[in-house]
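Please keep the sequence and the coordinates at hand while reading.

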Amino acid sequence: MAARFEAAGYATVPFGTPCDVAVIHGCTITGKAEHSSLYAARQAKRTRADTLVILAGCPAETLGETLRGDTTVDLTIGQAGKFAIPELLHRLYPHRFPAPATSEDTVSTPRFDTQRALIKVQDGCDFHCAYCIVPTARGLPQSRPLAEVLAEVKKVTAAGFREVILTGANLGRYEDGPHRLADLVRGVESLPAVERIRLSSLEITTAEEAVIDLMSRSTKLCQFLHIPLQSGDDGILAAMGRRYNTDTFRRTVTMAVEKMPFLGLGTDIIVGFPGENDRSFENTVQLIRDLPFSNLHVFPYSRRSGTRADTLPGQVQESVKKERLHTLVEIGETKRRLFAERFVGRPVSVLIERVDTNGTGHGWTGEYLEAHVTGASLSPRQIVTMKVDEVDSRKGSGFGVQGSVTSPFPGRDLHAARAGLGRLAD
Ligand code: SF4
């Protein structure tokens, strides 16, 4: 959105600076997130009374009508319109906001807070998990045409990005005619300027088998999968309305790890879902201990009005949720350290995010371990092969790896590192 404003001739300023238009790109995933979005809108109005305050994104979809007549939010703009705000402003207030310098169909090069380019290829979801507001906020699954995605990827690589992250609300539901997610990844992979591809979260029962197969053979697709588990108890999974049971989950992960022994594996867990008792929580603990997760994202269940789970009996006390969260966070840290230790003495591919004044580079391995690199003249977005000397186990480090550069050949490093891993694994 910021890039579209800039392409239209506007200057963007940090939040809190007096300005003509303030856009709050809000979140609605929890009641708290929605409240924070409205709080930000109020702050923007207080900064300058005649600022036009726009609430964009999911809260505009869920709160739109209820904000009619609100003195803080002047406009709500949902998912469909949020990338054409300058055009809309000119249509609504032609005397206040000039015609944009670019036409509506001009694709601006997006800006990112990271050296990796996020490409949204899909939105919406029709899975209707009991705790989730996304189907209400984002509507039915919609995918961008494959050709349009490839055009955007070409644009970001021309701007210097080497890694692209394909994202979506339910990425595995990507569909453009006969093309599914694996076809899209193959298309992106065929672009010579793309050096690394990463996938955001992938739901089991969507495209995981084709993706795992492709990932195990690809020289550009990072060997990292984030597959939300949410609970390790079949009764709770059924109450959540999830479409798999623990057996299916276990089988999929086992198949992935057989094909990719060094796979980075992330997941999301909700603790304290209504009806979760000590036994069902213990089932979750056991499944997490059994499977080779390298990243655990643990969330306490948070009631969200407008979802089925909000009215379920058996709501769990906050103190119990906190305890369970603590237990899983500790297990997650141990598993991450053990995963990082497996790489000591081995080569990994690292994309450099930033370089310190002392020349140390910081970035991410293909398996999504934070990496600290020395030994060469490094620059952001460069991809290098690093030999891992040790695990970075400083408190709060998240257990990354550190080491020194062994090869600065851009473009060949994911392949080179993987070939090295394969040899060492043998
Ligand atoms: S699959 Fe994900 S986005 Fe879709 S309803 Fe379930 S939790 Fe929400």
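Helix 8 passes helix 10 in a right-handed crossing, and in this predicted model the contact is made by Glu208, Ile212 and Ser216 on the side of helix 8 and by Thr252, Met255, Ala256 and Lys259 on the side of helix 10. Sorted by class, the contact of helix 8 with helix 10 has three nonpolar, two polar and two charged residues. The angle between helix 8 (residues 208-217) and helix 10 (residues 246-259) is about 15°, and their axes are 9 Å apart. Because of that angle, helix 8 is roughly parallel to helix 10.

Helix 8 also packs with helix 7 (residues 181-189), the axes of the two coming within 8 Å and crossing at roughly 30°. Angles under 35 degrees count as roughly parallel, and helix 7 is therefore described as roughly parallel to helix 8. Leu181, Ala182, Val185 and Arg186 of helix 7 make this contact with Ala210, Val211 and Leu214 of helix 8. In terms of residue class, the contact of helix 7 with helix 8 comprises six nonpolar residues, no polar residue and one charged residue.

A further helix pair is formed by helix 11 (residues 278-290) and helix 12, whose axes come within 11 Å and cross at roughly 10°, so that helix 11 and helix 12 are roughly parallel to each other. Here Phe281, Val285, Ile288 and Arg289 in helix 11 meet Arg324, Thr327, Leu328 and Ile331 in helix 12, and the contact of helix 11 with helix 12 divides into five nonpolar residues, one polar residue and two charged residues.

| Helix pair | Axis separation | Angle |
|---|---|---|
| Helix 8 and helix 10 | 9 Å apart | about 15° |
| Helix 7 and helix 8 | within 8 Å | roughly 30° |
| Helix 11 and helix 12 | within 11 Å | roughly 10° |

At the level of domains, the protein is divided into domain 1 (2-92), domain 2 (117-341) and domain 3 (347-425). The C-alpha centres of domain 2 and domain 3 lie 25 Å apart, and the contact between them takes 22 residues from domain 2 and 19 residues from domain 3. On the side of domain 2 that touches domain 3, the elements that give two or more residues are strand 11 (264-271) and helix 12 (318-341), and helix 12 gives the most, with five residues. That side of domain 2 has six nonpolar, seven polar and nine charged residues.

Which residues surround the ligand? The ligand is surrounded by Cys125, Phe127, His128, Cys129, Cys132, Val134, Pro135, Ala169, Asn170 and Glu203. By class, the shell around the ligand has seven nonpolar residues, two polar residues and one charged residue.

Terms used: Residues are numbered from 1 along each chain as its sequence is written. This is a predicted model: local features need pLDDT of at least 70, side-chain atom pairs count only at pLDDT 80 or more; totals for chains, interfaces and linings use all residues. Axes are lines fitted to C-alpha atoms, for helices over the stretch in contact, and angles run from 0 to 180 degrees between N-to-C directions. Helices (H or I, at least four residues) and strands (E, at least two) are DSSP runs, numbered from the N terminus. Angles under 35 degrees count as roughly parallel, over 145 as roughly antiparallel, 65 to 115 as roughly perpendicular and the rest as oblique. A crossing is left-handed if the near helix is turned anticlockwise from the far one by less than a right angle, and right-handed if clockwise. Two residues are in contact if their C-beta atoms, placed from the backbone, lie within 7 Å. Ala, Val, Leu, Ile, Met, Phe, Trp, Tyr, Cys and Pro count as nonpolar, Asp, Glu, Lys and Arg as charged, and the others, Gly among them, as polar. A residue is near a molecule or strand if its C-beta atom, placed from the backbone, lies within 6 Å of it. Domain bounds come from an automatic or database domain assignment.
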